Amino acid sequence: MEAWIIAVFFIGYFCITTEHQIKVDKTISALAMAVICWTILKVWNIGVMHIEGSTLVPVSTDAMGNANAIDAALQHHLAETAEILFFLIGAMTIVEVIDMHRGFEIIKRIIRTKSKVKLLWIIGIIAFFLSAIIDNLTTTIILITIVRKLIPDQKERIWYASLIVIAANAGGAWSPIGDVTTTMLWVKNKVSAAKLVEYVFIPSTICLVVPLLIASFLPVFRGKVETNSSDEVTIYKSSMPVLVTGFIAIIFVPIFKSVTHLPPYIGMLFALATMWFVGEKLKPISELNDEDSEKFGIHRALSRIEFSSILFFLGILLAVASLQTIGTLFNFAQTLNETIPSKNVVVLLLGFASAVIDNVPLVAASMGMFQEGLDNGIWHFIAYSAGTGGSLLIIGSAAGVVAMGMEKISFFWYAKNILWMALLGFILGYLTLVTFEAMHVFG
């Protein structure tokens with residue numbers, strides 16, 4: 001029955017990618033895919049697998065039985081997924097509070113430029129470095145919100161949003177706190193922060209610069225940004241304090257994790273509580289009547305969050321978790337490892353696979369496949385490939401999934417217009433990393 005779960009997974013992904021053709025919202029397909037996969041797993045009592053050392057072994061069911069093992073696996077994956085979703089809800093709410101207080105108008109005025117190409121590079125560079133400080137998911141939410149203020153035309157804006165995804169993923173790959181996968185490698189003592197930056201920073205930079213250079217010559221980025229003087233809005237007295245508080249709160253999240261060793265979502269919830277308090281106390285009541293001041297409550301910010309995107313994310317992660325539970329992902333990675341003698345080629349293929357399958361379980365599988373020590377070159381390849389390979393398809397990374405939901409980016413539009421640029425940057429960056437590692441070995 002494992003084959004049925006795999007079949008349902010691919011059918012679900014097909015429905016997601018053909019959302020506009022079949023006229024079925026991708027959230028419906030994602031949720032249905034997850035439910036059906038876990039239903040098959042439960043009803044047919046399929047064995048639960050887990051990684052032990054470098055092998056895949058069945059979960060012991062002597063005490064609780066396989067049915068209970070399936071329930072325990074579902075609860076485990078739901079808990080991991082909930083951590084990401086609560087993190088996402090916190091980040092999106094903070095962004096909405098900043099937006100309600102018109103904090104992004106300040107950034108809009110600072111980075112405003114008439115040149116579309118210049119705007120592209122400014123946004124791309126900000127995304128690259130900001131994602132290394134906070135994370136690629138939050139960075140994507142913040143910058144797409146800012147771009148909405150600058151580019152009113154949605155057909156133009158999706159180009160910027162797509163390149164923000166590439167920039168955010170590239171920025172997250174060289175930082176131990178920039179992406180979930182690099183954090184996993186760092187926490188498990190596979191890489192050190194210093195060596196990760198030393199080896200992966202320049203390849204990640206190339207992964208970003210190549211698509212930006214190509215995009216600079218595309219027709220959509222020629223000419224000037226069309227703005228309307230009537231679009232100028234008043235900045236409140238609360239705009240700057242709320243903006244500064246919001247960024248400090250978000251930047252505080254990885255610091256909180258490093259100090260307390262608690263999951264990132266705990267830090268994000270604390271950041272949200274802080275932002276909630278500040279936002280309530282700094283309502284621009286003196287500038288508005290009592291009725292309008294109600295628009296600045298946290299409940300309004302929560303109502304503006306796109307919960308359909310969060311449910312889509314829930315469905316995708318739970319569906320992938322079902323494949324992880326039956327051992328399909330590990331077997332896929334192991335088959336590659338046994339079939340292809342070169343580990344570098346295996347990791348490159350894992351990078352391509354991360355464009356379709358969530359990179360977190362792939363990295364988890366790779367940590368079971370390879371037993372090399374701290375800062376071995378293989379871990380740098382995995383950090384780069386898993387982090388940037390997700391940019392090849394819009395559904396390949398958390399940043400891409402969020403951008404897809406926020407800007408209604410079509411899977412096939414992204415594949416047609418962005419894939420080739422992202423692929424060229426990914427390959428050239430990978431070859432650069434190969435060169436660096438070779439110089440280290442033979443230098």
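Okay, housekeeping: it's a predicted model, where local features need pLDDT of at least 70 and side-chain atom pairs count only at pLDDT 80 or more, while totals for chains, interfaces and linings use all residues. Residues are numbered from 1 along each chain as its sequence is written, and side-chain values use heavy atoms, with hydrogens and water left out.

So, helices, meaning DSSP runs of H or I with at least four residues, numbered from the N terminus. Helix α6 (residues 116-133) packs on helix α7 (residues 136-150) at about 155°, axes 9 Å apart; here axes are lines fitted to C-alpha atoms over the stretch in contact, and angles run from 0 to 180 degrees between N-to-C directions. That makes the two roughly antiparallel, the word for angles over 145 degrees.

Now salt bridges: a side-chain nitrogen of Lys or Arg within 4 Å of a carboxyl oxygen of Asp or Glu. The count comes to six. One of them joins Asp71 and Lys42, with the closest N and O atoms 2.9 Å apart. Asp71 sits in helix α4 (residues 65-100) and Lys42 in helix α3 (residues 26-43), so this pair ties together parts 29 residues apart in sequence.

Then there's Glu407 with Arg148, at 2.8 Å between the closest N and O atoms. Glu407 is in helix α20 (residues 398-407) and Arg148 in α7, 259 residues apart. Buried or partly exposed, Glu407? Buried, at 2% relative accessible area, where buried means under 20%, exposed over 50% and partly exposed in between, using a 1.4 Å probe and protein chains only. Arg148 is partly exposed at 31%.

Technical notes:
Angles under 35 degrees count as roughly parallel, over 145 as roughly antiparallel, 65 to 115 as roughly perpendicular and the rest as oblique.
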